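Please work through the following exercises with the sequence and the model in view. Each task is followed by a solution in steps.

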Amino acid sequence: MRLSNGWAETGATMRVIGIAGWSGAGKTTLISRVIPHLRQQGLSVSVIKHAHHEFDVDVPGKDSWVHRQSGAEEVLVSSGRRWALMHELRGAAEPELPELLKKMSPVDLVVIEGFKSEPHPKIEVYRQAGGKPPLFPNDPAIVGIATDVAIKTTLPVVHVDDIPAVAAMMRKYAVGIDDVLAESVSQA
């Protein structure tokens, strides 16, 4: 199968890449800047965002609204209390990432914001001004870093404002959804 972006696939119709970092690092801003670039390259892009407990969906200025306004065809937001396309959990357990991925409509690329502890490949957004240590030394799933400072690492590093470079890194390290689902089964 050949996807609209030129990726050749066998079995998987979607690819997945994560964007991770501490709160305030600029993950949502970076994703909202990269989505239009990826769409110009002919990719369809959706986002799964992990939220914390209470949240509203599609409020102007909020993350889900920003992702949709930037061109995402579908945005799924999840927290410990609900996931949206609005679905109240009413005390039930939060769905795990593989279950959420299965709910997504087919696109070329699903960008996962948050879900720091999941094993899928992730690009860390790191800003020195955040005052927190980088995640990559303790997370083997981090495959690259988008940052505003020089970092000593063997991982690929791009400047957080170099949108073409961030997009290229996302495309390079995205994996097939089947690989992510298989990894979650092996972790169970």
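The structure is a predicted model, in which local features need pLDDT of at least 70 and side-chain atom pairs count only at pLDDT 80 or more, while totals for chains, interfaces and linings use all residues. Residues are numbered from 1 along each chain as its sequence is written, and side-chain values use heavy atoms, with hydrogens and water left out.

**Exercise 1.** State how many helices and strands the protein chain has, and what share of its residues counts as buried.

Step 1. The protein chain contains five helices and 10 strands; helices (H or I, at least four residues) and strands (E, at least two) are DSSP runs, numbered from the N terminus.

Step 2. Of its 188 residues, 50% are buried, where buried means under 20% relative accessible area (1.4 Å probe, protein chains only).

**Exercise 2.** Determine whether β1 is enclosed or open, and identify its pairing partners.

Step 1. Because six of the six residues of β1 are buried, this strand is largely enclosed by the rest of the structure.

Step 2. Arg-15, Ile-17 and Ile-19 point one way from β1, whereas Val-16, Gly-18 and Ala-20 point the other way.

Step 3. Strands pair if DSSP finds at least two bridges between them. β1 runs parallel to β6, joined by five bridges, and parallel to β7 over three bridges. With β10 (residues 175–176), β1 runs antiparallel through two bridges.

Step 4. Ile-19 stands opposite Glu-113 in β6 and opposite Ile-123 in β7. Arg-15 has Gly-176 of β10 as its bridge partner.

**Exercise 3.** Which residues have the most contacts inside the largest nonpolar core?

Step 1. A nonpolar core is a set of buried Ala, Val, Leu, Ile, Met, Phe, Trp, Tyr and Cys residues joined through side-chain atoms within 4.5 Å.

Step 2. The largest such core has 29 residues, and Val-111 and Met-170 have the most contacts inside it. Elements that each supply at least two residues include β1, β7 and α4 (163–173).

Step 3. Met-170 touches, among others, Ile-17, Ile-19, Val-111 and Ile-123, a contact being heavy atoms within 4.5 Å.

Step 4. A second, separate core of 16 residues includes Val-16 and Trp-83.

Definitions and conventions:
Lists of a residue's contacts leave out its neighbours within four places in sequence.
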